[in-house]
Amino acid sequence: MRTQVAIIGAGPAGLLLGQLLSRAGIDNVILERRSCAYVLSRIRAGVLEQGMVDLLREAGVSDRLDREGLVHEGVNLAFGGVLHRLDLKRLTGGSTVTVYGQTEVTQDLVEARRALGRPTVYEAEEVALHGIDTAAPRVSFRANGTQQELRCDFIAGCDGYHGVSRGAIPAGALATFERVYPFGWLGLLVDRPPAAEELVYARHERGFALCSMRSAARSRYYLQVPLEERAEDWTDEAFYDELRLRLPAEVAAALRTGPALEKSIAPLRSFVAEPMRFGRLFLAGDAAHIVPPTGAKGLNLAASDVRYLFDALREHYRDGSDAGIAAYSARALARVWKAERFSWWMTGLLHRFPGSSAFEDRMQQAELDYLVSSPAASAALAENYVGLPYHGEAGIGPLQPFRDGSGPPGR
Ligand SMILES: Cc1cc2nc3c(=O)[nH]c(=O)nc-3n(C[C@H](O)[C@H](O)[C@H](O)COP(=O)(O)OP(=O)(O)OC[C@H]3O[C@@H](n4cnc5c(N)ncnc54)[C@H](O)[C@@H]3O)c2cc1C
């Protein structure tokens, strides 16, 4: 089998890249380890930056997103029992975020790929990359009981943190940076309307809590828990009782409970692998980096990587230029590191760290107080939360001026 771009992994990064390439007339094949049903059943992220929404529109997969996505103009911080709303739209000069589940994004992309008749090999086993530093890379795999080989011009490693692509880069050529946090998030999904219209990030002495949602009828709640906890040890009632304790009274009172559709614990990790290209292999999404979910950046970073990678590959095939390919890693990493910083900072600001001192506790409180009382500090949080711009060469460059031409509020 031969194609132009072999894509490893049918998560959001692989599917979105495949969709953009297919629409640009660039041949591609996706190899996915799991079944399609398994991929579609994964419950994950749900807050999309404007840049990702725009990219999904460009990819022609935004009909349902535009109909069903919930545009949020604000976000809430809760501490000391009080709710503080940050007006994202005002603070950023017009930017918002859109609540639309990763599961829905994946579903839309799978359907669009089917409609275009592009091949995805599900349940591909023993995927292995060969000759990535040659002009003729190959991917070997087993499917339907037979050993197969896919020859290609380029390989896009979109196979997540546990995939094989990153490991194909010689160890000496790869630098990794990591922080593992001493707690996890216990998540619960329920078919009940959200306790608050916009997300609530709550800092509490018992630990962090988040009220999120996937739609107007489906809520996603999280509790910070020690890493040793097991999701099956938490009854739904115990979860809701603990959540109420960590929320301001008015949000706790509005909590609508019901049987959990899903309950699981996700560990928190910051991770970056550099570079994101080796020869003809590109890494994109979780294959290259992980953020703790506190800043809602994981899925959005997968989208920005795909933006840069698609532009680079299109430039190669359409214009015969490899400038984008040469710049891909630096361009993607410049944005990745800023999102890593934001996610790490939000995590440090809102969680209880085992063994933290009374001084550190006061520092968190003072920073939160500063954040909600200083327009400049609020604006800094807001512009990161809605997503930094995608442009830039070696870096993302200076931030865009506010869209209405004004400066930050209060200046
Ligand atoms: C439990 C959980 C909860 C999360 N919650 C949030 C959240 O609330 N907010 C947020 O912003 N982000 C969240 N994230 C992160 C977000 O979901 C990811 O950043 C996003 O899925 C990245 O997309 P991706 O396509 O790069 O990787 P993935 O979605 O991981 O997709 C990779 C794909 O590659 C496949 N694959 C793996 N190995 C192989 C192989 N050897 N051969 C072939 N295929 C392979 C996998 O099966 C998978 O389908 C969460 C992640 C997890 C795991």
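Which residue in β11 is the bridge partner of S140? This tour reaches the answer after a few words on the model.

The model is predicted: local features need pLDDT of at least 70 and side-chain atom pairs count only at pLDDT 80 or more, while totals for chains, interfaces and linings use all residues. Residues are numbered from 1 along each chain as its sequence is written, and side-chain values use heavy atoms, with hydrogens and water left out.

**First stop: the hairpin**

Select residues 138-143, strand β10, together with residues 146-151, strand β11; they pair in the antiparallel sense over 6 bridges. Strands here are DSSP runs of E with at least two residues, helices are runs of H or I with at least four, and both are numbered from the N terminus. Two strands count as paired if DSSP finds at least two bridges between them. The bridge partner of S140 in β11 is E149. A143 stands opposite T146 of β11. The hairpin has 2 residues between its strands, and N144 takes a positive phi near 50°.

**Second stop: the open sheet**

Now display the 6 strands that form an open sheet with mixed pairing, in the order β8-β2-β1-β12-β19-β18. At the edges stand β8 (120-121) and β18 (277-278), each with a single partner strand, so one side of each has no neighbour in the sheet.

Select helix α3, residues 50-58, where Q50, M52, V53, L55 and L56 are buried. Buried means under 20% relative accessible area, exposed means over 50%, and partly exposed lies in between (1.4 Å probe, protein chains only). Just after α3, G60 takes a positive phi of about 75°.

Then move to helix α6, residues 102-116, and pick out D108. D108 has 10% relative accessibility and therefore counts as buried. Leaving aside neighbours within four places in sequence, D108 is in contact with V61, R64, L65 and Y100; contact means heavy atoms within 4.5 Å.

**Last stop: the ligand**

Finally, select the ligand and the 28 residues that surround it, the closest being A13, E32, R42, Q102 and D286.

- A polar backbone atom of P12 is 3.3 Å from a ligand oxygen atom.
- An N or O atom in the side chain of R44 is 2.9 Å from a ligand oxygen atom.
- A backbone N or O atom of L299 is 3.4 Å from a ligand oxygen atom.

Taken alone, the ligand exposes 990 Å², of which the protein buries 87%. Colour α1 (12-23) and α9 (298-319) to finish: these are the elements that give two or more residues to the shell around the ligand.

Key:
Near = heavy atom within 4 Å. Polar contact = N/O pair within 3.5 Å; in protein donor to acceptor, adjacent residues only side chain to side chain. Areas by Shrake-Rupley, 256 points an atom, 1.4 Å probe, with all protein chains shown as cover.
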